[in-house]
Amino acid sequence: MNILMTNDDGVHDPGIWALARALVARGHAVTIVAPESQRSAVSHAITLHKPLRLTPHFEYESEKNISVYSSNGTPSDCAMLGVLEVLPGADILISGINGGPNLGEDTIYSGTVAAAMEGALLGVRAMAVSMSEYGMGDYGLAASFSAGLAEQLNNPELPKRTLWNVNAPPVAADQYKGFRITRLGTRKYTDILQKRIDPRGRPYYWITGQLVRDLDDEDTDNAATAAGMVSVTPMLMDLTNHELKNSLCITDPMS
Ligand code: MN
């Protein structure tokens with residue numbers, strides 16, 4: 001397969017390299033188009049008011065079957081540059097491996113997931129891969145699982161505009177405990193906004209928070225990852241509330 005990769009942690013991040021090398025070891029060719037520096041939590045931002053540059057990275061020349069470019073743009077810019085300019089015939093776009101989880105409604109903020117979604121919007125099958133826990137983990141299982149899944153997704157029976165969100169525990173491949181096909185769970189944080197006082201006596205704010213997983217529903221990505229399993233969520237790009245749309249709960253405000 002000809003695989004396009006991007007991420008939101010930057011072109012030199014170990015996560016993207018772990019997966020790129022796992023894909024090459026299985027006989028695939030990888031082209032990386034990734035942000036030049038850390039761009040986490042920028043969601044689906046794109047750059048409209050300044051030039052986008054593509055920089056080839058010759059320092060990675062010794063990496064067999066991996067071509068590397070960086071861009072000054074966002075993760076979604078990189079997905080566009082990759083799909084439309086660098087590798088128009090890509091069989092799949094993979095974004096990641098992100099250094100922390102992208103579960104539940106947090107996927108809305110994620111640059112990793114947005115870049116994959118941009119690929120799907122442009123008509124390429126796409127997958128986002130993240131570590132289900134923070135910390136200096138082992139990319140082995142995430143890389144091996146998602147390389148195998150990418151091969152399955154390269155299936156002519158599967159529609160092209162699809163997006164798969166994968167979260168895998170930060171452990172070696174031999175620690176694998178299985179996977180679940182899940183739905184997005186609910187995001188709950190405590191102490192989201194911290195207010196402090198700067199040395200000049202003025203208040204400032206820091207967005208932070210402690211994640212409290214909602215584990216009530218077995219069906220969710222939260223529950224699967226909390227059980228140490230890999231979570232795979234097929235995601236939609238249609239945010240329409242179909243239930244409300246069909247419930248005729250409003251009358252004509254103009255009548
Ligand atoms: Mn990130």
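Predicted model: local features only at pLDDT ≥ 70, side-chain atom pairs only at ≥ 80, totals over all residues.

Student: Okay, is Asp8 buried or exposed?

Tutor: Asp8 counts as buried because its relative accessibility is 2%, and Asp9, at 11%, counts as buried too.

Student: Which protein donors does the manganese ion have?

Tutor: The donors, meaning N, O and S atoms within 2.8 Å of the metal (3.2 Å for Na, K and Ca), are Asp8 (OD), Asp9 (OD), Ser40 (OG) and Asn98 (OD1), and they lie 2.1 to 2.2 Å from the manganese ion. Water is not among the atoms, so sites may look incomplete.

Student: What spacing do those donors follow along the chain?

Tutor: Their pattern is D-D-x30-S-x57-N.

Student: New topic: how many helices and strands are there?

Tutor: The chain has six helices and 13 strands, where helices (H or I, at least four residues) and strands (E, at least two) are DSSP runs numbered from the N terminus.

Student: And what is in the largest nonpolar core?

Tutor: A nonpolar core is a set of buried Ala, Val, Leu, Ile, Met, Phe, Trp, Tyr and Cys residues joined through side-chain atoms within 4.5 Å, and the largest one here has 38 residues, with Met5, Leu19, Val30, Ile32, Ile94 and Met127 making the most contacts inside it. Helix 4 (residues 140-153) gives the most to this core, namely eight residues. Apart from it lies another core of 19 residues, among them Cys78, Ala79, Leu87 and Ala120.

Student: What does Val30 touch?

Tutor: If we leave aside neighbours within four places in sequence, Val30 is in contact (heavy atoms within 4.5 Å) with Ile3, Met5, Ala20, Leu23, Val24, Asn65, Ile66 and Ser67.

Student: How many salt bridges does the structure hold?

Tutor: There are six, a salt bridge being a side-chain nitrogen of Lys or Arg within 4 Å of a carboxyl oxygen of Asp or Glu. One of them joins the side chains of Arg21 and Glu63, at 2.6 Å from N to O. Arg21 lies in helix 1 (residues 14-25) and Glu63 in the loop between strand 3 (54-56) and strand 4 (66-71), so this pair ties together parts that are 42 residues apart in sequence.

Student: Which residue does Arg26 pair with?

Tutor: Arg26 forms a salt bridge with Glu151, with the closest N and O atoms 3.0 Å apart. This pair links distant parts of the chain, since Arg26 sits in the loop between helix 1 and strand 2 (29-35) and Glu151 in helix 4, 125 residues apart. Arg26 is partly exposed at 40% relative accessible area, and Glu151 is partly exposed at 30%.

Student: Which residues are linked in a network of salt bridges?

Tutor: Arg183, Asp217 and Asp219 are linked in that way, and between Arg183 and Asp219 the closest N and O atoms are 3.6 Å apart.

Technical notes
Residues numbered from 1 in each chain as written. Heavy atoms only, no water. Buried < 20%, exposed > 50% of the residue type's maximum accessible area, 1.4 Å probe, protein only.
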